[in-house]
Amino acid sequence: MSTVKLQVTRGEQGSEPAVETYEVPYRDGMSLLDAIFWIREHEDPSLAVRYSCRSANACKECSAIVDGKAGFLCSIRAQAGSEVRVEPLSGRPWIKDLATALD
Ligand code: FES
């Protein structure tokens, strides 16, 4: 079975951030937001991420830094066998894990 590994920033405001690595079963067409939902359902329901529409760029709430570049988790496709670094947006107040305050 193919997987995708996500290295996710964990922690909350006032704490030192840590990186957790999760291995998620890959399926065709899955987005990084889908992979994060899998982690929440199967490994850690406390993983915080902001989202609303769950589709490409409609609400813009799922913004994050992916491999060093800003993007929308719901529109970036996971790649089988890859390892991806996912961090909260910089320049906004950090709330928890991947969730930052909105503008
Ligand atoms: S969840 Fe709305 S743009 Fe990604």
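UniProt positions are given here in the numbering used for this chain, with feature names shortened, and such annotations may be inferred rather than shown by experiment. With that caveat, the unreviewed UniProt entry places the feature "domain: Succinate dehydogenase/fumarate reductase N-terminal" at residues 6–99. The end C-alpha atoms of residues 6–99 lie 16 Å apart, and the span is 12% helix and 32% strand.

The model is a predicted one, in which local features need pLDDT of at least 70 and side-chain atom pairs count only at pLDDT 80 or more, while totals for chains, interfaces and linings use all residues. Residues are numbered from 1 along each chain as its sequence is written.

**Overall architecture**

Helices (H or I, at least four residues) and strands (E, at least two) are taken as DSSP runs and numbered from the N terminus. On that basis the protein has one helix and seven strands, following the pattern β-β-α-β-β-β-β-β along the sequence. The radius of gyration, taken over C-alpha atoms, is 13 Å, which agrees with the value near 13 Å of a compact globule with 103 residues, the globule rule being 2.2 Å times the number of residues to the power 0.38. Along the principal axes, the C-alpha atoms fill a box of roughly 40 × 30 × 25 Å.

**Strand pairing**

Two strands are said to pair if DSSP finds at least two bridges between them.

| Strands | Sense | Bridges |
|---|---|---|
| β1 and β2 | antiparallel | eight bridges |
| β1 and β5 | parallel | four bridges |

Within these pairings, V4 has V24 in β2 as its bridge partner, whereas K5 stands opposite E83 in β5.

**The helix and the core**

A residue is called buried if 20 or more other C-beta atoms, placed from the backbone, lie within 10 Å of its own, exposed if 12 or fewer do, and partly exposed in between. By this criterion L32, L33, A35 and I36 are buried in α1. Seen down the axis of α1, the buried residues fall within an arc of 160 degrees, so they line one face of the helix; the arc is that of the directions from the helix axis to the C-beta atoms. The face of α1 turned away from its buried side carries the exposed residues E41 and H42, while the cover over the buried residues includes β1, β2, β3 and β5.

A nonpolar core is a set of buried Ala, Val, Leu, Ile, Met, Phe, Trp, Tyr and Cys residues joined through C-beta atoms within 7 Å. The largest such core has 19 residues, of which L32, A35, C62 and L73 touch the most other members. Both β1 and α1 supply at least two residues of this core, and α1 gives the most, with four residues. Two residues are in contact if their C-beta atoms lie within 7 Å; leaving out residues up to four places away in sequence, L32 touches V66, L73, I76, A78, V84 and V86.

**Two arginines in loops**

R27 is placed in the loop between β2 (18–25) and α1 (32–42), and R27 counts as partly exposed because it has 14 C-beta neighbours inside 10 Å. R50, by contrast, lies in the loop between α1 and β3 (63–66) and is buried, with 21 other C-beta atoms within 10 Å. Beyond its neighbours within four places in sequence, R50 is in contact with E61, C62 and A99.
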